[in-house]
Amino acid sequence: MTRIAVLVGSLRKDSQTLKLAKALTKIAPEGLEFDFVEIGDLPFYNEDLDTDTPPASWTRFRKEIKAADGVLFVTPEYNRSMPAAIKNALDVGSRPYGDSAWGGKPAGIVTASPSGIGGFGANHHLRQPLVFLNMPAMQQPEAYIGNLWNLFDEDGKIVTEGTEDFLKSWLEAYAKWVADHI
Ligand code: FNR
């Protein structure tokens, strides 16, 4: 089994992006195992806290990322960029210096929005730190999911025609990307 850590950029309970992430895990190809990694409890990165006894949630988070073979980011766009929770998680996982949890892990990025732009700004801003963190991020196919309010039925199943097929093909490409980069 290939273990994929899933980071969701919206922290709210009824998040549509979380629904999308869950739907993705249900239609993914065999061989991928998904672990949703909590990022909402991570204190803002502060070097003063990064002592021999850092916050317990940082330690837990770093371990979970290190245990993963790849990382799937599923996130909304906030003000044309990634939500602060995602950036903070990247920062927390990148330290202590010389012991980053991210290095070499193949990344997939799915952004989503109620608007037609589909979180393009978040998607591309997220790619910038991944370069520095040495995470190969799949370039193609890109996944900008619009119409987020109308994507699911009451059970969280994707109802928009074509979207599920697109996401399945995206996941197949991502599974191959991960296999090629671990
Ligand atoms: C947003 N939203 C948003 N949408 C977008 O397409 N581009 C943007 O720049 C922003 N900016 C933004 C900032 C902040 C602070 C919030 C709270 C929201 C709307 C956002 O896409 C919408 O709330 C999504 O539904 C959020 O996803 P969840 O929480 O439903 O997963």
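Setting aside neighbours within four places in sequence, Gly 103 is in contact with Leu 133 and Asn 134. Contact here means heavy atoms within 4.5 Å. Gly 103 sits in the loop between helix H3 (84-93) and strand E4. Helices (H or I, at least four residues) and strands (E, at least two) are DSSP runs, numbered from the N terminus. Gly 103 is partly exposed, at a relative accessible area of 48%. Buried means under 20% relative accessible area, exposed over 50%, and partly exposed in between (1.4 Å probe, protein chains only). The C-alpha atoms of Gly 103 and Ile 145 are separated by 27 Å, with the two residues 42 apart along the chain.

This is a predicted model: local features need pLDDT of at least 70, side-chain atom pairs count only at pLDDT 80 or more, and totals for chains, interfaces and linings use all residues. Residues are numbered from 1 along each chain as its sequence is written, and side-chain values use heavy atoms, with hydrogens and water left out.

**Helix H1**

Helix H1 covers residues 16-27. At 1.5 Å a residue, its 12 residues should span 16 Å, and the end C-alpha atoms are 17 Å apart, which agrees. The expected span is 1.5 Å times one less than the number of residues. The buried residues of H1 are Gln 16, Thr 17, Leu 20, Ala 21, Ala 23, Leu 24 and Ile 27. They cover an arc of only 160° around the axis, so they lie on the same side of H1. The arc is taken from the directions from the helix axis to the C-beta atoms. Their cover includes strands E1 (2-8) and E3 (70-76), as well as helix H5 (163-181).

Glu 164 belongs to helix H5. It is buried, with a relative accessible area of 17%. Leaving aside neighbours within four places in sequence, Glu 164 is in contact with Ile 27, Lys 157 and Ile 158.

At the start of H1, a side-chain oxygen of Ser 15 reaches to within 3.1 Å of the backbone nitrogen of Thr 17.

**The ligand**

Of the 14 residues around the ligand, Ser 10, Arg 12, Ser 15, Thr 17 and Ser 113 come nearest.

| Residue | Protein atom | Ligand atom | Distance |
|---|---|---|---|
| Gln 16 | backbone N or O | oxygen | 3.0 Å |
| Glu 77 | polar side-chain atom | nitrogen | 2.7 Å |
| Arg 80 | polar backbone atom | oxygen | 2.7 Å |

The protein covers 73% of the 610 Å² of accessible area that the ligand has on its own. Accessible areas come from the Shrake-Rupley method with a 1.4 Å probe.

Methods
Polar contact = N/O pair within 3.5 Å; in protein donor to acceptor, adjacent residues only side chain to side chain. Near = heavy atom within 4 Å.
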